[in-house]
Amino acid sequence: MSRTALRICPLCEATCGLTLTVEGTRVTGARGDRDDVFSKGFICPKGAAFGAVDGDPDRLRTPLVRRDGELREATWEEAFDAVAAGLRAAVDGHGANSVGVVLGNPNVHTMAGALYPTVLLAGLGTRSVFTASTVDQMPKHVSSGLLFGDANAIPVPDLDHTDHLLLIGANPLESNGSLCTAPDFPGKLKALKARGGTLTVIDPRRTRTAKLADRHIAVRPGTDALLLAAMAYVLFEEGLVDTGELTAHLEGVDELREAVGDFTPEAVAGTCDVEASEIRALARELAAAPTAAVYGRIGSCTVPHGTLASWLVDVLNILTGNLDRPGGALFPQAATDRTPRPAGPSHGFALGRWHSRVSRHPEAKGELPLSALAEEIDTATEEGEPIRALVVVAANPVLSAPDGSRLDKALGSLDFMVSVDPYLNETSRHAHVVLPPPPPSQSPHHDFAFNTLAVRNQVRYTRPAVPLEPGRMAETEIFARLILAATGMHGADPSAVDDLVIGQTLGKAVKDAHSPVHGREPSELTAALAGDTGPERRLDMMLRLGPYGDGFGVRPDGLSLTKLLAHPHGIDLGPLKSRLPQPLKTRSGKVELLPRPIADDLPRLREALRHKADGLVLVGRRHLRSNNSWMHNVPALTGGTNRCTLHIHPEDAERLGLKDGGAVRIKGAGGEVVTEAEVTDGVRPGVVSLPHGWGHDRPGTRLGHAAKDPGVNVNQLLDGSLLDPLSGNAVLNGIPVKLAAVATL
């Protein structure tokens with residue numbers, strides 16, 4: 001007997017609503033939820049394959065504990081006993097910083113990953129924190145922190161209303177959007193064009209998104225910041241700057257004008273491989289549009305000047321008056337955001353509050369570069385203890401970080417490692433304990449992170465579509481027990497973690513003059529919380545204290561978990577609205593257009609004008625049926641065009657003697673790989689492209705399908721030395737490589 005159940009898709013940032021078909025306890029089908037207030041029935045191939053992802057037979061079902069050198073099945077009690085012993089031995093013997101924590105991208109796709117890691121980090125007290133952000137979007141966090149005072153205040157394009165959209169380093173027809181949560185991104189771009197709007201794409205590849213564009217600029221990889229700086233120069237030079245209602249909220253316009261003075265279109269054209277006239281046209285069209293938005297993503301982040309490029313994206317939105325206005329780039333307001341405070345000067349954003357032990361990389365947003373993880377484990381210095389124990393949560397840095405071979409060896413040298421992961425993959429195979437969360441159908445879902453980046457304000461929550469399978473442990477309980485084991489409270493009731501957070505949060509709220517519960521009794525508020533579990537009670541608390549909340553009865557029409565459960569397809573909270581100056585947390589209380597760290601990094605960008613790299617450079621690529629290394633074990637999402645091949649332009653292939661389908665050796669600073677060449681004019685001459693997340697050929701994993709067509713690890717071509725200095729982000733695009741034909745794969 002089949003039934004249907006609702007579920008928000010956790011497989012990419014679009015967060016589409018799904019209607020699942022369930023037979024017994026097995027998900028047998030998935031389609032778009034037509035009544036979902038946000039996605040309105042849209043679904044992509046990943047969402048359609050939800051049942052296959054959920055039911056992958058290689059998913060671990062019980063904990064694994066290493067005994068006599070081998071990972072063997074164990075009880076949950078045995079697993080957490082081992083975790084408590086291993087982590088406390090490191091902390092007690094070598095200090096808190098000897099325990100590293102690595103958080104992967106899937107964390108932001110689960111409730112557990114949103115609610116518990118901050119508690120874990122606070123309990124451990126370690127500064128050895130690494131996440132997927134520093135191989136992805138950290139430059140955007142840093143530029144937002146410097147401009148707006150809040151690293152999480154990221155404006156998103158108002159896709160439904162803009163007249164002109166300029167995308168740089170973004171391919172949302174394949175990625176479904178990133179740092180811009182938008183179900184049916186393709187449909188929104190087509191609607192933009194249908195209403196007479198203009199789509200411009202700047203990308204060295206003729207991607208599916210670029211094919212849809214009115215204007216496609218095939219920029220040389222890694223020169224994004226130069227191109228954007230030249231556009232800013234043109235706006236000043238030609239009198240096209242019009243900050244409009246933003247003017248009162250800005251500081252440093254004149255200083256900015258002087259700072260971009262060297263970046264004329266003529267000066268940057270040769271380095272960018274874009275004609276000066278084309279750059280001027282881009283700036284003029286942006287300024288002339290009734291409304292416009294510039295949006296940059298991973299292609300403009302994972303380059304040597306990623307933070308400067310991210311900063312310049314917002315600079316262009318500001319100079320054309322398009323920041324914080326409908327049709328431009330706006331700050332979303334999520335239902336679980338903190339209670340809004342009155343605008344005014346605040347604490348600002350600081351970089352480099354501490355540094356990594358070996359290479360002295362500055363922290364950014366509390367994190368150290370993932371590229372530095374291997375050396376922090378395998379290199380001794382006088383600056384403190386190496387990392388001796390590691391907590392890895394939903395991360396596979398052996399494939400996602402530069403020089404995976406070095407990290408692979410370093411992980412094998414650890415005294416102790418625990419992985420929270422559903423698979424035995426290239427990283428978790430080194431763990432002493434593996435704690436497998438249940439499949440997504442057996443977990444509740446609310447998008448804490450992605451709703452802060454959504455192109456329309458809304459709120460949705462789905463309870464588990466399938467009951468927790470016997471022998472499984474809820475992911476939220478795994479996290480709670482991990483926190484207790486890591487902080488010397490092993491054996492305590494896991495509900496104590498949620499109770500602690502609720503008590504601390506409400507205790508602060510009642511003392512906050514701006515809170516709707518100011519002056520009330522915390523025990524009264526705690527007793528009023530709804531929800532069947534600790535995580536649900538925390539969600540209820542956040543909703544009720546948030547910007548749309550009922551304030552625990554102060555605003556009867558406001559949000560609460562009870563109200564949200566009564567709306568299974570979600571609640572629409574309306575289009576994005578102008579919010580300045582409220583989101584600003586800078587020391588001046590204004591948008592600080594030329595913060596000191598940015599100004600100090602501009603000479604490095606000027607130096608780039610003098611150096612145009614010769615030879616081939618490498619860029620990555622996304623596929624609609626992939627998400628990093630997550631899904632290569634699902635047959636429905638692999639094969640066809642989703643293959644690990646090297647895209648190369650016909651001119652370059654002929655010059656190098658490479659044949660379509662032939663084997664090619666790729667050499668970089670960190671090593672070499674051999675893969676299949678795919679000759680295509682989808683990349684510009686001088687550029688080759690290899691996808692990220694492959695390389696499933698190491699022994700000791702349990703990824704049966706992925707191992708049949710393992711591909712190669714593109715990040716092995718990197719030695720980890722190339723970083724954007726402001727953010728610590730790895731440089732993954734625009735990497736010099738050498739190619740040679742080989743006889744066979």
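With which side chain does the side chain of Thr307 make a polar contact? The first legend gives the answer.

This is a predicted model, in which local features need pLDDT of at least 70 and side-chain atom pairs count only at pLDDT 80 or more, while totals for chains, interfaces and linings use all residues. Residues are numbered from 1 along each chain as its sequence is written, and side-chain values use heavy atoms, with hydrogens and water left out.

View 1. Thr307 lies in helix H15, which spans residues 306-319; helices (H or I, at least four residues) and strands (E, at least two) are DSSP runs, numbered from the N terminus. The side chain of Thr307 makes a polar contact with the side chain of Asp724, at 2.5 Å. A polar contact is a pair of N or O atoms within 3.5 Å; within protein, one must be able to donate a hydrogen and the other to accept it, and residues adjacent in sequence count only if both atoms are side-chain atoms. With its neighbours within four places in sequence left aside, Thr307 is in contact (heavy atoms within 4.5 Å) with residues including Pro139, Val142, Ile598 and Leu726. Thr307 is buried, its relative accessible area being 0%; buried means under 20% relative accessible area, exposed over 50%, and partly exposed in between (1.4 Å probe, protein chains only).

**View 2. An open sheet of 3 strands.** The strand order is E1-E2-E3, with antiparallel pairing; two strands pair if DSSP finds at least two bridges between them. Strands E1 (2-8) and E3 (26-32) stand at the edges with a single partner strand each, so one side of each is left without a neighbour in the sheet. E1 and strand E2 (residues 17-23) pair in the antiparallel sense over 7 bridges, and Ser2 stands opposite Glu23 in E2.

View 3. The structure holds 0 disulfides, a disulfide being a pair of cysteine sulfur atoms within 2.5 Å. For Cys16, the closest cysteine sulfur is that of Cys12, which at 6.1 Å is too far for a bond. Cys16 counts as buried, at 8% relative accessibility. The sulfur of Cys272 has its closest cysteine sulfur in Cys301, and the separation of 17 Å is too far for a bond. Cys272 is also buried, with a relative accessible area of 0%.
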